[in-house]
Amino acid sequence: MPVPAPPAALDDSPAARKREQRGWYFYDWANSAFYTTIISVFLGPYLIPVAKTAACAKDFPSIASDTCVADFDKLVASNKSLGFVDVLGADIRPAAFFGLTLTIAVFLQIVVLPVVGALADHTGRKREMLGGFAYIGALATMALYFVEGDRYMLGGVLFILANLAYGSSVVVYDSFLPQISTAAERDRVSSRGWAIGYLGGGLLLALNLVLYTQHEGLGVPEGMAVRISMMSAGLWWAIFTIIPLLRLRNRPVPVHETTALRSVGGSFRQLGRTLAELRRYPLTLLFLVAYLVYNDGVQTVIGNSAAFASEALKLDKTVQITAILMVQFVAFFGALLLGWLARGIGTKRTVLASLVLWTAIVVAALFVEEGQALQFYLLAFAIAIVLGGTQALSRSLFSQVIPKGREAEYFSLLQISDKGSAFIGSLTVTLALQLTNSYRIAIVSMIIFFVIGFVLLALTNLPRAIRQAGNEVPDRV
C-alpha cells in the first residue's frame, strides 16, 4: 500500500507570519462583540422580562402584560406558588432563568471544549473548525432578534448554542498563536490581538448604546432596539471572521486515518493521553494553577463591578454604562502598554507587577466614597490599564509551556479550567456578602486570589517549563 506523500512545507518567512498575524488579530475584533454586547450588557436584562411575560400569561392572564411585568415581584409576593416558568419540566423563577442558562452553557463548555481541542489537533483542520464554530455562533446570535414576547426558551437555547460555539472557536483561535509567531514574537502578537478585541467589542457596543439610549428619538421601541443590538453582534462576528479565514493556514499533522468517526475516536484517545501526560509537565501544571487563581480574581472583580457601583456607591446606570465603554477603549491601550513593558523587563515580571496593581485596586475600592462617580471612573481606568495585559501576557506565557502539536488540547484545558474555577471567586463574594453585607469587603476579599496567584507564578521556573515542553526559550520571559 503506497505511503501518502508528506504535505508541502508552509512558507514560514517573517512576511508570511506577519500576514497571518494580521488576519488572526481580526478574530478577536470579530468575536468580542458577542461578549460585550450580548453577555456583558444586553441579554440578561432583556431575557428576564421575556420570562416574566411568559409567567404572567400563565399565572396572571387577567392582567395586562406590561402591567404584570412591571408589578411582577409584588404579584408573586402575594402568592409565592405562582410566577414560575417551565424549563424542561422544572419550575424556575424568571429572575433565575438567565443564571440557569449561563450555568448550563458553562457546563456544556467544560464537557465539549476538550474534545474540540483534541479534534483540532488530531485533524489539523483548524481553519475550517474556526470558521464552522464562528458561523454557528454568529447565526445563533443573529437569531436572538426573534426573541420577543414570551419566547424565553428560544432565547435560552440560542444563547447556549452561541456561547458553546464561541468557546469552541476561541480554543481553536488561541491554538494558532504558537503556530503563527516565534517565541520572541509571542507577547507582542498576543497583546495586539487582545487589544484589538477590546477596540472592536467597544466600538460596536458604543454604537448599540447610542441606539438604545436614543431609541425614543429615533422612533424605535426599546425592545426592538435591544433586539437590533443583539442581531448586530452576530452580524459583526460573521462579517469580520472572513478576514482570519482568508489569512490563516492549516499546519500539517502526522499521517493518520481521517474519516470523521475515526478522527473523533482518535481525538478522545489523544485527549486521554494529554491528561495523563500532563504529569510530565509539572511546571506547566503549576503555571496553569497560578493562572486559574489570579484570573478567577480578575473575572470576579469585573463580574461584580456593576453591582459594586450600584449597591456600594449608589451610582446610576448611566455611570455604569459609560464606565463599561471607557474600560473597553482604555484596555486597548493597556494591553499594548503591558506588551511593550514585557519586552523591556520580561513577561513574568510584567504579569507579577500587574497582580500587585490588581491588589492595590481592590484595596482602593474600600475607600471610594458613595456617590463619587469620578472616583469610580478612576478605579475603572486603573482596571482597564491592567485588564487586557494581564490576560494577553498570560495567554502568551501559556503558549510557551505547552508541547507542539497539542496546542488546541492545552488551550481547551485552559478554557475549561477557567470556566470550572469561576465559581470559587463568586462563592467568596457570596460568603463575604452573607457575613458582612458589604460589597466593599466582598471586593477586597479578592486580595487572596491575587496574592496566592502571585506566589504560585513567582515559584514557577518558566525557562525550565519551556524547555520541558520542548520549546525555544525567548530572550526575555
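User: Which hand does the link of cysteine 56 and cysteine 68 have?
Analyst: It's left-handed, with -90° about the S-S bond. Bear in mind that this is a predicted model, where local features need pLDDT of at least 70, side-chain atom pairs count only at pLDDT 80 or more, and totals for chains, interfaces and linings use all residues. Residues are numbered from 1 along each chain as its sequence is written, and side-chain values use heavy atoms, leaving out hydrogens and water.

User: How many disulfides does the structure hold?
Analyst: One, counting a pair of cysteine sulfur atoms within 2.5 Å as a disulfide. In the link between cysteine 56 and cysteine 68, S to S is 2.0 Å.

User: And which parts does the pair tie together?
Analyst: Cysteine 56 lies in helix α1 and cysteine 68 in helix α2 (residues 65-70), so parts twelve residues apart in sequence are tied together. Helices here are DSSP runs of H or I with at least four residues, numbered from the N terminus.

User: Is cysteine 56 buried or exposed?
Analyst: Buried, at 2% relative accessible area, and cysteine 68 is buried too, at 0%. Buried means under 20% relative accessible area, with a 1.4 Å probe and protein chains only.

User: Switching topic: what is phenylalanine 287 in contact with?
Analyst: Leaving aside neighbours within four places in sequence, the contacts of phenylalanine 287 include Tyr294, Ser394, Phe398 and Leu462. Contact means heavy atoms within 4.5 Å.

How values were computed. Helix = DSSP H or I, 4+ residues; strand = E, 2+ residues; numbered from the N terminus. Buried < 20%, exposed > 50% of the residue type's maximum accessible area, 1.4 Å probe, protein only.
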